[in-house]
Every structure is written in C-alpha cells, then in structure tokens.
Amino acid sequence: MKVLLVYPLFPKSFWSFEETLKLIGRKAMLPPLSSITVAAILPQEWEFRLVDRNIATVTEADWAWADLVLLSGMIVQKADLLEQVREAKKRGKKVGIGGPYATALPQEVEAAGADYLILDEGEITLPMFVEALEKGESSGVFRATEKPDVTQTPIPRFDLLELNAYSEMSVQFSRGCPFQCEFCDIIVLYGRKSRTKTPEQLLAELERLYELGWRRSIFLVDDNFIGNKRNVKLLLKELAPWMEERGYPFTFGTEASVDLAKDQELMDLMTACNFGSVFLGIETPDEESLSVTKKYQNTRDPLDESIHKIISSGLRIMAGFIVGFDGEKAGAGNRIVQFVDKTSIPTALFSMLQALPDTALWHRLEKEGRLHGTSGNINQTTLMNFVPTRPIEEITQEYCQGFWQLYDPQCFLDRTYRHYRILGEAACHKNRKKTIKRAKKKFDWQVIRALLTICWRQGVVRKTRFSFWPYLWSMYRHNPRGISSYLAVCAQIEHFLEYRQIVKEQIESQLLELKRQKQHEESPNLNPREVVAR
C-alpha cells in the first residue's frame, strides 16, 4: 500500500511567522506531528510519502504514486484540507481524513467527498481503519468509545520530514487537561484526564531526533504540559542527565497553565533540562470574565505575581489573551494591553472569542440561540461566530486597536528588553555552571545574515533605532548569554508588522459587511451605496 500523507496549508496567522522565517531560511515553524505519528501507527510494510503543503506542493507524480491519500488538520486549516480532498477525488483516489477538524465537524469532510472518516485518536481508530481496508470496505466511519493509552504510541516517523525546512521540532508527552474552561475544545477532544507517555518513550523520541542530526529547539505540543505534575517531574528527572550527557543539544518550549508558578521545584527542573519558554493561557486580567468562562485556575493568585515568578525562575513567557466574554465591561481590550505592558510579555496572542464545535460554550450559545452558523474558526482575522453581550462594533474596535498597539515596534521592543532583563536575573541563568559541556552546532551564515538584517531594520531604519542599541548594550552587560534568544524574539516584529495590518483590514472589512447585512434586513429597498453612507 502506497500512502500519501497530505498536511494542509495554514492561513497567515499569529503563529505563521512568514517574514521572520524568511530571515533564517526556514519554510515553516513546526512540522506535522500528527501525520508522522499516523505513519508510525499504520503497518510499517506500507510505503509512505509526506507532503506538508506549508513547505511544498503536491505534484502530479505524488498523486499518481499514491494508492491512498490520508489527511489530518485543525479547523483553521479546513479550507485547504477540503480543497485537497477534492483534488484527490478528481484523480480517483481513496481518501481518509482524521484529526481535530474532522472529529469536530465530520459532516463537512464527508460532504467534501472523503471515503474514510478516521476520527478521535488514531491509536484506536487507525487499526479499525486498517481492518476495514483488509476486508475490502470502500468507505467507513471509525470512532473510539474510550481514550487510548498513549504509553503504546510508537515513535513518530521523523525520517519522513524535511528537517531543514522547520524552525522547531514537535514532540508530545501528554494529552488532555484537568481544567474545565468553557471555550476550550481540548477537553472535548482529549478529555480532562492528562494521559502521559513514559519517560523512556519520550527519551527514545529525542534519541531518534538526535540520531537524525536535529540540534535546534523542540516544542512539546502538549496543551497543558503540567496537567499531570507527578509524571512530568518523573520525566524531567530522567531528561536532565540525558541532556547533560549529550551536551544539551536541544532547547525546549511548551504550553502550561498559570499554576506552574506555584511549583518552584517543577520550574527548576524545567530550566535544568534547558526549557527556555512556556506559553500560558492567561485570557484576560478581568477576574469576572475568568469566572464566567470557568477558568478558575487563573483566579486563585494574582496573575501579575504568578507571571513575574515564572519569568524570575528563568522561563520566557508567551501568552494568550481573549476579548469578547459574556458580561465583559467596556475597555476590556485596553485592559489587556495595559496588563501585557505591565507584565512585560513580549509575545501576546490576542484574539476575539470564538465558539468552537462541541465545547461547553458552543452548546450554551446554541441553546440560547446566539450562534452564527454551524462552524467555527480560531484565526485572528475572523469576527466572532456568535452574538456577544455587548456591541460587536465596540469589541472589534478594541480588538483592532489593541492588536495594533501591542505590535507597535517600539512597544514590542520595550517589552522584550524588560522581559529579558528579568530573565537575566534568574538564578539558573546568572549562576550558570561554566563547566557544562555544550553540543557543537554548525555555523550558520543564514542566522548571521538574519541578525544583521534585524540590526539594520530595528537599529537604523525604524523609530526603534534610538533604543535598540542601548538595549543591546545593556543585554551584553547584564545578560550576555541571552542575547541570541533576545534578538530572535526581537525578530518576531518582522511578522507582526505585516500581520497587524492584515488583522485590521480583514476585521474591518467583515464588520462593514455585517453592517450592510443588518441594514439590508432593516431596509431591504436601500441600495448598497446608501447602506455604506449610513
């Protein structure tokens, strides 16, 4: 069996970083971990070919080679996923689809022509699919009634990847999250029990990447890495000597809940294993909104104190923020901007609330008759898919203004510098052992060119030139080991300068169209010019 694994395109988004990636000669931020895990679960006597549409196109030779086409993707990728289904069917190929999008909205992928719907988690449903193929079944829907034991998940087929195309690598230690945030689809897809691999499993995956020559950053894509703190600590205690023996070949990043700040032992273990960053779902500094959306874990301690404690322990913070919660008071967007500035978080994901399929929020809004349509989106360029409790015009204005202000070049540079000054005072960085052997990494002219480009644009061309050089000199004096990481984060503004313009234009365009629709419903005899004039 010849299987073509196709991973769909991501639209331009907060995390796509096209302009930043161009500087370092990479094509995408992260590889498709789902596709290479699928390839590892399926019979290994089959032949596999992977095409990640974010770095390459599917050629006619690829289509002709395949006996079967398998796709996986998230809701944000649905446009290209459905297009690739249609392309495969035009060529008479059998198509199977899995992943979060297909699991959440199976009717949409079925309508596009998919033959096999391999839903839920593949450790259970892929063997069911293989059995159906062996029986000669030409279609089918495969669902799981339980969550799989991820200690049985094989090492992903990292060998299928074009490693040099990616800025970071993906691995996964756990699935699921113990919390109950109303808007979150993770607990719907993967449950509230955090299921983890064994330390030996994850070390075997890292060993495989080490053998393949990977020496850059690795992102643990767990939706809450610390959902099972006991097992995470067991992993980190075995990971620390493994990293030291190999000269610390990787740096790590991951996602976690804010209660990480309560566990100093855990933070110290993470930094000892070369964890450098963590993404936190903060959502909003408004405690009432956090309670409305059932994100109670963010209300137990002052958020700014928790953030400062995590940074002071040596972990760079990225964070997510949302505007548009029910009962939210005017000015929520501005309060988020002020909070981000106060806590010096450089990379702040800012979105309008979306109701994702099958979440508690989705079902509540559906019951209240407030949903628009039967789909959802999690990109930053889409209007809310439900009727909010305050005027949509007010929310979008705050959102666009907030996004614009957050990624003003000077504001971004100021936050990044302050953030790294705090990081530099962390014991794990300030008192770093000089005897630690570091893995040798290849000299990369592309990185040197990228650094020179950043220095030119931010230190000469833009208004940031008056602070860029003093900040860089201060970094050299107070946190010299952090300079490369600091400049890498500074480089993110090359993406955000373009993306904030895209957000503003697309949101304002959709808002105008919504206004036209409303006025047409109220006055159906008005022509479009009169609607715009009003």
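This is a predicted model: local features need pLDDT of at least 70, side-chain atom pairs count only at pLDDT 80 or more; totals for chains, interfaces and linings use all residues.
Let me begin with the second largest pocket, which holds about 270 Å³ of space. Of the 15 residues that line this pocket, His372, Leu383, Ile392, Leu514 and Lys518 are the closest to its centre. A pocket here is an open set of points on a 1 Å grid over the protein atoms alone, with protein on both sides within 12 Å along at least five of seven lines, and a lining residue has an atom within 4 Å of a point.

Residues are numbered from 1 along each chain as its sequence is written, and side-chain values use heavy atoms, with hydrogens and water left out.

Back at the pocket, helix H22 gives the most to the lining, with six residues. By class, that lining has eight nonpolar, three polar and four charged residues.

Now to the cavities, meaning sets of grid points where a 1.4 Å probe fits but cannot get out. A search of the whole structure finds three of 30 Å³ or more. The largest has about 50 Å³ of space, and its lining is made by Val258, Asp259, Ala261, Lys262, Gln297, Asn298, Asp301 and Ser306, which divide into two nonpolar, three polar and three charged residues. The second largest cavity has a volume of about 40 Å³, and the residues that line it include Glu182, Phe325 and Arg364.

Finally, please look at helix H19, residues 445-461, whose 17 residues reach 23 Å from the first C-alpha to the last, close to the 24 Å expected at 1.5 Å a residue. That expected span is 1.5 Å times one less than the number of residues, and a helix is a DSSP run (H or I) of at least four residues, numbered from the N terminus.

Which residues of H19 are buried? They are Ala450, Ile454, Cys455, Gln458 and Gly459, where buried means under 20% relative accessible area and exposed means over 50%, with a 1.4 Å probe and protein chains only. They lie on the same side of H19 because they cover an arc of only 135° around the axis, taken from the directions from the helix axis to the C-beta atoms. The face turned away from that buried side carries exposed residues, among them Trp445, Arg449 and Trp456.

Note on methods. Helices (H or I, at least four residues) and strands (E, at least two) are DSSP runs, numbered from the N terminus. Grid points are joined across faces, edges and corners, and a volume is the space filled by probe spheres set on the points. Ala, Val, Leu, Ile, Met, Phe, Trp, Tyr, Cys and Pro count as nonpolar, Asp, Glu, Lys and Arg as charged, and the others, Gly among them, as polar.
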